[in-house]
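Biologist: I am new to this structure and would like to learn how to read it. Could we go through how helices pack and how aromatic rings pair?

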Amino acid sequence: MQLLNGYVNPPHKDWFLFITCSLWILSESGLEQVHSMRMVALALYLFWLASMLHSWPTSDTLLLAQFAQFCWIHVAVFLTAIQMYFSISTIMRFGAEWFLLPTCLVIINDIAAYAVGRHVGRTPLYRLSPGKTVEGFVSAALLTMTASHHLTRCFPDHWRAQEAIVFGLYASGIAPMGGFLASAIKRSLKIKDFGTFIPGHGGIVDRMDCQLFIGVFTYLYLNL
C-alpha cells in the first residue's frame with residue numbers, strides 16, 4: 001500500500017500480522033484445539049515486529065512513511081480483529097444463525113445501495129465518496145427493512161419482529177458508516193480500492209467494509 005513519497009510497504013507483512021492476530025483471537029474462542037496457541041501468536045508477532053524494525057530505512061522521510069504505515073497496519077488489524085472476536089464469540093455462544101442473518105442484511109444493503117446509486121443515483125451522499133448517493137442509501141434502507149421482515153417467516157424461533165426492526169435499521173443506517181470510513185481512508189491514501197481481487201470491485205476489504213461494526217452490535221444486543 002502506497003503511503004508517502006512513493007514508499008511501498010511489502011503487502012505480505014500486513015497479512016502476516018493479520019494472520020497472527022487471527023490466531024490469537026481463535027485461541028481466545030474457547031476451542032480446545034487452538035487454546036494453546038497464544039504463545040505461538042505472541043512469538044509470531046514479535047518476529048513480525050523485529051522484521052519491521054530491521055527493514056526500516058535511515059532516510060527521515062522514508063522513516064516517517066514507514067512509521068505511519070506501521071500505525072495504519074495496527075489500526076486496520078485492530079478494527080478487523082475486534083470484529084472477528086465478537087463474531088466468533090456470537091457463533092460460539094448463540095449459534096451461527098446470529099452471525100449469518102445480520103451479515104446477510106448488510107450484504108443486501110451494500111449491494112442495493114451500489115446498484116441503485118450506480119443506475120439512478122443523482123444526489124451525492126458523502127463528499128469523500130462520490131459513488132454513494134442519497135437515492136441509493138434510501139432505496140437500500142427500504143429493501144433491507146423488507147428483507148429483514150421476511151426473515152421473521154424463515155426463522156421464527158430466532159428472528160422476531162423486534163429483531164427485524166432493530167437489525168434492519170442498524171444494517172441500513174449504521175453499518176454503511178464502515179463504508180464511509182473506508183472511503184475516507186482510501187481518499188487519504190489517494191487510492192481507489194484496497195485491492196484488485198474482485199475485478200471492477202476492488203479487494204475483499206472493499207466488499208466487507210460495511211461489515212465493520214455489525215459483529216460487535218450483534219454480540220452486545222444478544223447480551224442485553
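Modeller: Happy to! An axis here is a line fitted to C-alpha atoms, for helices over the stretch in contact, and angles run from 0 to 180 degrees between N-to-C directions. Keep in mind that this is a predicted model.

Biologist: How are two packed helices described, and at what angle do α2 and α3 cross?

Modeller: In general, two packed helices are described by the angle between their axes and the distance between the axes. Here, the axes of helix α2 (residues 38-55) and helix α3 (residues 60-94) cross at roughly 160° and come within 11 Å. Angles over 145 degrees count as roughly antiparallel, and α2 and α3 are therefore roughly antiparallel to each other. The crossing of α2 past α3 is right-handed.

Biologist: Which residues make the contact?

Modeller: From α2 come Y45, W48, L49, M52 and S55, and from α3 come Q66, F70, I73 and H74. Six residues of this contact are nonpolar, three are polar and none is charged.

Biologist: Now the rings. How many aromatic pairs does the structure hold?

Modeller: It holds 13. Take W98 and W159: their rings lie 5.7 Å apart, centre to centre, with 35° between the planes, which makes the pair tilted. W98 sits in helix α4 (residues 97-119) and W159 in the loop between α5 (134-154) and α6 (161-173), so the pair ties together parts 61 residues apart in sequence.

Biologist: Are W98 and W159 buried or exposed?

Modeller: Both W98 and W159 are buried. They also belong to a cluster in which ring pairs link W98, W159, F167, Y170, F217 and Y221.

Terms used:
Residues numbered from 1 in each chain as written. Predicted model: local features only at pLDDT ≥ 70, side-chain atom pairs only at ≥ 80, totals over all residues. Heavy atoms only, no water. Helix = DSSP H or I, 4+ residues; strand = E, 2+ residues; numbered from the N terminus. Parallel < 35°, antiparallel > 145°, perpendicular 65-115°, else oblique. Left-handed = near helix turned anticlockwise from the far one by under 90°. Contact = heavy atoms within 4.5 Å. Nonpolar A, V, L, I, M, F, W, Y, C, P; charged D, E, K, R; others polar. Phe/Tyr/Trp six-rings, centres within 6.5 Å; stacked < 30°, edge-to-face > 60°. Buried < 20%, exposed > 50% of the residue type's maximum accessible area, 1.4 Å probe, protein only.
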